[in-house]
Structures are given as structure tokens and as C-alpha cells.
Amino acid sequence: MKVTVVGAGAVGASCAEYIAIKNFASEVVLLDIKEGFAEGKAMDLMQTASLNGFDTKITGITNNYAATAGSDIAVITSGIPRKPGMTREELIGINAGIVKSVASNLIAHSPNVILIVVSNPMDTMAYLVHKTTNLPKNKIIGMGGALDSARFKYRLAEALEAPISDVDGMVIGGHSDTGMVPLTSHATRNSIKVSEFLSEERLNQVAEDTKVGGATLTKLLGTSAWYAPGAAVSSMVQAIACNQMKMFPCSTFLEGEYDLNDICIGVPVLLGKNGIEKIITIPLSDAEKAKMQESADGVKKTNDLLAL
């Protein structure tokens, strides 16, 4: 199992680290355009191998996609990070050109690769890959919901004053501050609906805190977060590599599901050896349906900015 991570910045390096530590891949190739940067990150990570007990080989390379040949899964984190006050949508002009080039180069050397898109605005970047490559739709996956759901569960556990292992919840919709749809009606603590423990007002606050989770961290850190995004990607990669058939909300191309068409947006899917094995349809309340439609409208508005 060979995994390529394009972009050796904070998110890409964290992703590579978590994949290596989980020890399910034979090799991780870390690629970056900055001379020596990926090589340095890879060397630093490999020097933790004996300490962290993994045998995964991590290789760093500068802008040579030949080294990625034969990759089973590739993660695209390339692009400029979001800066304080900048929305994910504002990144589109710069990142679209980068993502299109990266995807093309990856597929040229690994025609059967499964792509996980992390670059923002993520739903639009996943849509761009769909429209500019010949990969089947099950092999193009946007990472957003896995991260947003982790942040949702963090906020739920905080509100419940519960261990996070007690809590389950999911966020669907667009991966943006306004597009996320935290499914508070489906959230549980050990199978008991969280509405049994929390007031509607507190649940609404949890949902709002979740939606600005990325922006909150950007304001505190001065740049985008990296630990949780890296962990979210590594969990998705592992689900595919190990054929776990694990459910994640992912940005996927819809053709009628959730009454949406010609759009990539976050919905629950099963991840296995073929990428997206199945799109899962779950019942939504009228309010959730309305929020999902509003989210889709926002994503399509951003998609319209693409020069396809």
C-alpha cells in the first residue's frame, strides 16, 4: 500500500505522521514544490520511527511526480492556507489552478489512484477534480465532514461534560462556516439522544461553535489548524487501505441523492478499498433539509467561479 501526500505543510506532514504511526501503509511519499522541504519533513519523521514503533517508509521529494507512481491513494493538501479574516471561498482563484495541476500529475503516474481532496474551498476543489479528470466518482473524495464531525463531537462532549468516547454525531453539508449542517437531532450519548441532556438553546450553541470551529482556530493560531485535519485524513486513508467499510461524511458527487445534482457536498458514505463504496441516505427533518439546500446553493455559487 503506497500513499502519496502532496503538500508537506502542517496538514500534509501531520497526515503523513498519523498514517505512518498507524502502520498500515508500506510507503508514504511526501511531495512539495519547495526545494528540500518534503525531504526534510520526511527525514525528521523517519527519525521518530524507532521511537513510535512504525515501519512505514516515508520518502520526501521535490516536485517529481515520477516518485508517486503506483500510489493506491493520494491526498491533495496543496494550496495557500487560510489567513485570519479570509474565508475558504476566497481561496478559490489561487487553489483551483494548483489542484487541477496536482490531480493531473498524480493520475498520469497512478491511473488507478483514489484521490482525497483537502485543499480549500474543499467542496469546489473536489468538484473541479470531477470535472477535469476521467476518474470515476467513487475515487474522488473530499475531506471535510470527517473533520467537522470531530469538531462537533468535541463541542458535544464539552457541553455534556462527558468523555468524548461516549458521544456520537455527524456534520453534513458544505465544508464552510455557513454551509455546515450539524445534525443535532441525530447526535447521541451512548445511543441516547443528546436532546435528553441538553436544552435546545445549548444544542444550537454547540452547532454554531462547530460551524466556526476552523475560523476560531485560525484566529487563535494565525493560520489553519493541522492536527485534527491530519488525523481526519489519516482515518479516511486507513478506512480505504484496510477496506474497513467505515462511515464518514465526505464530499462526494451527487446525482439525485438528497435531491441534489451536479454537486460535491458532504453526505455520509461508506469508505472501502474502492473509495466511496456507497452513499448513505439518512432521514432529515424539514429544517435540516432546508439547511442542506441552502448549503448546496452556497457551494454551487462558489462552483460558478470556476473557469471550467
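Tutor: A strand here is a DSSP run of E with at least two residues, and strands are numbered from the N terminus. The model we are discussing is predicted.

Student: What makes D262 a strand residue?

Tutor: D262 is found in strand 13, and strand 13 covers 261–272. A strand needs a DSSP run of at least two E residues, so the run that contains D262 counts as one.

Student: Why is D262 called partly exposed?

Tutor: Its relative accessible area is 34%. Buried means under 20% and exposed means over 50%, so D262 falls in between.

Student: Which value does phi take at D259, and where is D259 found?

Tutor: Phi of D259 is near 60°, again a positive value in a residue other than glycine. D259 is found in the loop between strand 12 and strand 13.

Student: Why does D259 count as exposed?

Tutor: D259 has 70% relative accessibility.

Student: What makes the peptide bond from N120 to P121 cis?

Tutor: Its omega is near -5°. P121 lies in the loop between strand 5 and helix 5. Most peptide bonds are trans.

Student: Where does S119 lie, and is S119 buried or exposed?

Tutor: S119 lies in the loop between strand 5 (114–117) and helix 5 (122–132). Its relative accessibility is 3%, and buried means under 20%, so S119 is buried.

Student: How do you know that S119 has a polar contact with S78?

Tutor: The side chain of S119 reaches the backbone oxygen of S78 at 2.5 Å. The limit for a polar contact is 3.5 Å, so the pair falls within it.

Student: Which residues is S119 in contact with, leaving aside its neighbours within four places in sequence?

Tutor: They are I76, T77, S78, V99 and M125.

Student: Why does N95 count as buried?

Tutor: N95 has 1% relative accessibility, and the cut-off is under 20%, so N95 counts as buried. The residue is placed in helix 4, residues 92–109.

Student: What does N95 touch, not counting residues up to four places away in sequence?

Tutor: N95 touches G79, I80, N120 and M125. As for N95 and M122, they are 27 residues apart in sequence, with a C-alpha to C-alpha separation of 9.8 Å.

Student: What makes the protein chain as compact as a globular protein of its length?

Tutor: The chain has 10 helices and 14 strands. Its radius of gyration is 19 Å and the globule rule gives 19 Å for 308 residues, so the chain is as compact as a globular protein of that length. Along the principal axes, the C-alpha trace spans about 55 × 45 × 35 Å.

Student: How many of the 308 residues count as buried, as a percentage?

Tutor: The share is 53%. As to contacts between residues at least 6 apart in sequence, 70% join residues at least 24 apart.

Student: How many cavities of 30 Å³ or more does the structure hold, and what is a cavity?

Tutor: The structure holds 1. In a cavity a 1.4 Å probe fits but cannot get out. The largest cavity has about 50 Å³ of space. Its lining has 14 residues, and those nearest its centre are G144, G145, G173, H175 and G266.

Student: Which elements give two or more residues to the lining of the largest cavity?

Tutor: They are helix 5, helix 6 (145–160), strand 8 (171–173) and strand 12 (246–255). Strand 8 gives the most, with 3 residues.

Student: What makes the second largest pocket a pocket and not a cavity?

Tutor: A pocket is an open set of points, whereas from a cavity the probe cannot get out. The second largest pocket holds about 600 Å³ of space. It is lined by 33 residues, and T178, G179, M180, K211 and S295 are the closest to its centre.

Student: Which element gives the most to the lining of the second largest pocket?

Tutor: Helix 10 does, with 9 residues. The elements that give two or more are helix 5, strand 9 (180–182), helix 7 (200–211) and helix 10 (286–303). By class, this lining has 9 nonpolar, 14 polar and 10 charged residues.

Methods
Residues are numbered from 1 along each chain as its sequence is written. This is a predicted model: local features need pLDDT of at least 70, side-chain atom pairs count only at pLDDT 80 or more; totals for chains, interfaces and linings use all residues. Side-chain values use heavy atoms; hydrogens and water are left out. Helices (H or I, at least four residues) and strands (E, at least two) are DSSP runs, numbered from the N terminus. Buried means under 20% relative accessible area, exposed over 50%, partly exposed in between (1.4 Å probe, protein chains only). A polar contact is a pair of N or O atoms within 3.5 Å; within protein, one must be able to donate a hydrogen and the other to accept it, and residues adjacent in sequence count only if both atoms are side-chain atoms. Contact means heavy atoms within 4.5 Å. On a 1 Å grid over the protein atoms alone, a cavity is a set of points where a 1.4 Å probe fits but cannot get out, and a pocket is an open set with protein on both sides within 12 Å along at least five of seven lines; lining residues have an atom within 4 Å of a point. Grid points are joined across faces, edges and corners, and a volume is the space filled by probe spheres set on the points. The radius of gyration is taken over C-alpha atoms; the globule rule is 2.2 Å times the number of residues to the power 0.38. Ala, Val, Leu, Ile, Met, Phe, Trp, Tyr, Cys and Pro count as nonpolar, Asp, Glu, Lys and Arg as charged, and the others, Gly among them, as polar.
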